[in-house]
Amino acid sequence: MITYYEDPSPGTGALAPRAAFRSDARTLSLNGEWDFRLFPTVAHAEAAEASEASEASAAAEETTETDGWEPLPVPSHWALRGHGAPQYTNIRFPFPVDPPRVPTENPTGDHRLVFDLPDDWPGPDDGRTLLRFDGVESCYRVRLNGQELGTAKGSRLPHEFDAGPHLLRRGNVLSVRVHQWSSGSYVEDQDMWWLAGIFRGVTLLHRPEGAVRDVFVHAGYDHRTGHGTLRVDADPGGRVTVPELGLTLATGETATVPGVRPWSAEAPRLYEAELATDAECVPLRLGFRTVAVEDGVITVNGRPLLLRGVNRHEFHPDHGRAVPYATMREDVALMKRHNINAVRTSHYPPDPAFLDLCDEFGLWVIDEADLETHGFIYGGWHGNLADDPDWEEALIDRAARMVERDKNHPSVIMWSLGNESGTGRNLAAMSRWIRDRDPHRLIHYEGDWSCEHTDVYSRMYASHEEVEAIGRRAEKPLDDPRLDARRRAMPFIQCEYAHAMGNGPGGLTEYQRLFETYERLQGGFVWEWIDHGLRARDAAGRPYFAYGGDFGETQHDGNFCADGLLFPDRTPSPGLLEYKKVVEPVGIAVDAAARTVRVTNKYDVIDLTGLAFGWSSEVEGRRVAEGALDVPPLAPGDSAEVALPEPGTETEGEEWWTVRAVLAADTTWAPAGHEVAWGQARARGPAVRRTPGARIAPVRAPEAAGPAGITLGPATFDPLDGSLRTLHGLRVAVPPRLNVWRATTDNDRGPDEAKSLAAQWRRHALDRMLHRCDGVTVDGDALVVRARVAPPGGFFGLTVVYRWTGERTGEPTGDGTGEPTGDGTGERTGDGTGDGTRLDLAVDIAPDGEWPCPLPRLGLTMAVRAPLDWIEWYGSGPGESYPDTRRAARIGRWATTVDRFQTPYVFPQENGSRGDVRWAELRGPDGGGLRVEGRPAFALTARRWTTEQLEAARHPADLTPGDVLHLDLDVAHHGIGTASCGPGVLAPYELRAARTRFGVGFTLPR
């Protein structure tokens, strides 16, 4: 027997879907504290229900006794409130695949609310009252005062029931039984936490006699004439007024509106309007815009778009998908502040309030249906519900509820049929339904590459090479010539690319270059907006963010849910800062030598009048001059070359020029002065700095070995292997030596450990390199150590010569304290002069044998036993950077603590490297420390744990700071890529074994 929660149908009793709108009619929010109890199976829930009703009539079964009930807030997920546990899966269903049946072990939560109506609530003779649920996962049955109102599926979709006939003035008992698993679960396999419950709002809506049942706004814009068109369809009809436009018209009537300002993501112009009937007034917000595909390109208001987008799951580390409004608003503002202009609502319609914010702030939206059947891929898509006629009604219902609810949002420019559901007749039926209902938006679906039922060609994680071929309309042809010709004429987007999991993603710059080169390539959506880490504490009470497997699940997909541009607490990751820079809407190319800057407007719609430009000159990281820059108000696509002024300074040292574009005035999403774009170029240098008047003299030759070992200037060495023991009075815990290993990143590991780059590295034992000393000699003023570094079992390795020398540079100058100033993110005091005895190390590396794979990194690793907790450096910053993730890093003088030098990825991995470091100073609370200089510049990491400890950790709380500071001074790094789900490291960023020479110098801080 098939139960209502297993029946493929969308449910029973719900009213026809309609637009989400407010009115002046009465509403009553039922959000708040409800009674709750959880049962392990449906049978247990039914048995408890039968027991309560055994001596009562059907109407009395809804008892108000509280035995066995506990308080639970609505909206919420019960698994995040101490009832059961969450479970994360990516593709595989967490239950046997036998649609539409679900397991007997089906957690079932009874929710109950006892409430009174307000004294002035209209009576049954004045219209009716609807009960609205905006989101319940995954199937539910609703009863009011013992009378069943209906059942529903479609977790992220609204359902309304006629509650009026059963309402009481006092003592209403609303009972909602929610099942975690249902037939609906088979079409909601959406790479996320399975979290049951009433997670969106519950509302009573009074609908007076003659109230508006539905409203559909059609507000177009003709870019050739500058006129808008407006028609508002309503049932029943009424009159629409738009005061700002002096416009009044009847519903169903079309009006031409001269001189209207169109809506766009860059200029989200909304007009307040009102629909009035005899029964109520409905406020409307009108955005005039027209979406089309013209000559194979998506246009809005006649302008082609370049989507700089993100995929957004609804997520909060404490509340799951019950995202508070303030958090939604914060999300939209963060997107705008990071140059994001588009959102794909993966993989379901969001809370309608989010789309209100997209209308207000300005974001292009692909609104996606609540549909994914990805788990069927493991059965070769056999039995896939997207092609099963028994499921057509359910899937069309999901499309209809999305379209009807969200059809009045100007931000929505495409409807998406769903995600990763294979192909089939039901998808075609959904497309037909949507096109009939709303022919003025585009239809998207990535899963069918033939694009038979869509208006755009969409792909996920296509390589740079393939994307370029698509841009040239030279992609591999389809077997069907008709479909091939049709698809080849379509615009292209990457609905998912650049998997933002852990450290990364790399390759963003190269993708963006393709998007900006070929008109067919209209951008894409990075996967994804935020890490889905749930806030938790370990046994010791230390906080961390949990991922799959942390709740005892036997089937899960680990940390694959931690793949966002935001950390779970909504701190921007280095990946988000990189994305902001890569997609910035103003190109700024500084030619410092010629004292010019080329400015290009990369916006789709607006000119540059909303921005202010400024220049600055920095020498050795210190600003020596700055001023405003007069940039013309360039139209989209236009460029201008602007002269830079003379800085008026003769300060010696390496000089960089920086040009910034900032907001000229406050906006809804950022204050005036917020940086939108920047460019930087070196004007001169690098210069070798010497203390003025200092006498340069070599340190005497290394002294013979004694009880303290070999002495060379400020250092002592072990006479047996030449390893460094002490340096400037600091105890060296790990002497500098060649290192090729890094803690693997999510992108190194990839989705298939057996095929990953990290697996190659381990297979060739690069994580277990052995060091052999081949000789320690004194060569004039130098101590020379010859060595070989190679993996066990390997027929290849690296020969290395370490050449230690020293020099004395006169008496120290300056106060030597270098106390930090500010909040730890800016500069420090001191003039940067002063020196003492320095120790130099020249490293000469040559590969031998046939290297079978790239190197993870190449450089020196060392550690000192000292309480050094402050780092100042001159190089790239302020955040981390790697060879293919360095666009957001600019050259400057930066400072922070050792703790802040780390990037706290949800799953610990290689992090925190600062590239292009000319010098770095490490200091302790007593003012002592160490200065490291690079020849050439190096990449620096500094940690209070070893690389091995970092590799072994599964959460940041696993990493316990020690009293040893571990440093990596790298001359090169392998790139990051995006192979956790997508292309690996591009060829220019691969690190191959080759002859390499570099050097570092060690002195006291200046």
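I started at W415, whose bridge partner in strand 32 is I443. Strands here are DSSP runs of E of at least two residues, and helices are runs of H or I of at least four, both numbered from the N terminus. The model is predicted: local features need pLDDT of at least 70, side-chain atom pairs count only at pLDDT 80 or more, and totals for chains, interfaces and linings use all residues. Residues are numbered from 1 along each chain as its sequence is written, and side-chain values use heavy atoms, with hydrogens and water left out.

**Parallel sheet.** I looked up the pairing of strand 31 (residues 412–416) with strand 32 and found three bridges, the two strands running parallel. Two strands pair if DSSP finds at least two bridges between them. The open sheet has eight strands in the order 32-31-29-28-27-35-34-33, with parallel pairing. Its edge strands, each pairing on one side only, are strand 32 (442–444) and strand 33 (457–460). On average, neighbouring strands are turned by 25 degrees against each other, direction ignored. I noted that helix 4 (residues 392–406) packs on this sheet and touches strand 29 (364–368) and strand 31. The direction of helix 4 makes about 170 degrees with that of strand 31. Contact means heavy atoms within 4.5 Å; axes are lines fitted to C-alpha atoms, for helices over the stretch in contact, and angles run from 0 to 180 degrees between N-to-C directions.

**Helix pair.** I took helix 8 (residues 508–517) and helix 9 (residues 574–582) next; their axes come within 10 Å and cross at roughly 30 degrees. Helix 8 and helix 9 are therefore roughly parallel to each other (angles under 35 degrees count as such). The crossing of helix 8 and helix 9 is right-handed, meaning that the near helix is turned clockwise from the far one by less than a right angle. L508, T509 and Q512 of helix 8 meet E578, Y579 and V582 of helix 9. I sorted the residues of this contact into three nonpolar, two polar and one charged. Nonpolar covers Ala, Val, Leu, Ile, Met, Phe, Trp, Tyr, Cys and Pro, charged covers Asp, Glu, Lys and Arg, and the others, Gly among them, are polar.

I then checked an open sheet of four strands, ordered 41-40-43-44 with antiparallel pairing. Strand 41 (622–629) and strand 44 (675–684) are its edge strands. Strand 40 (residues 611–619) pairs with strand 41 over seven bridges, and I found A625 in strand 41 as the bridge partner of S617.

**Whole chain.** I recorded twelve helices and 60 strands for the protein chain.

Definitions and conventions: Parallel < 35°, antiparallel > 145°, perpendicular 65-115°, else oblique.
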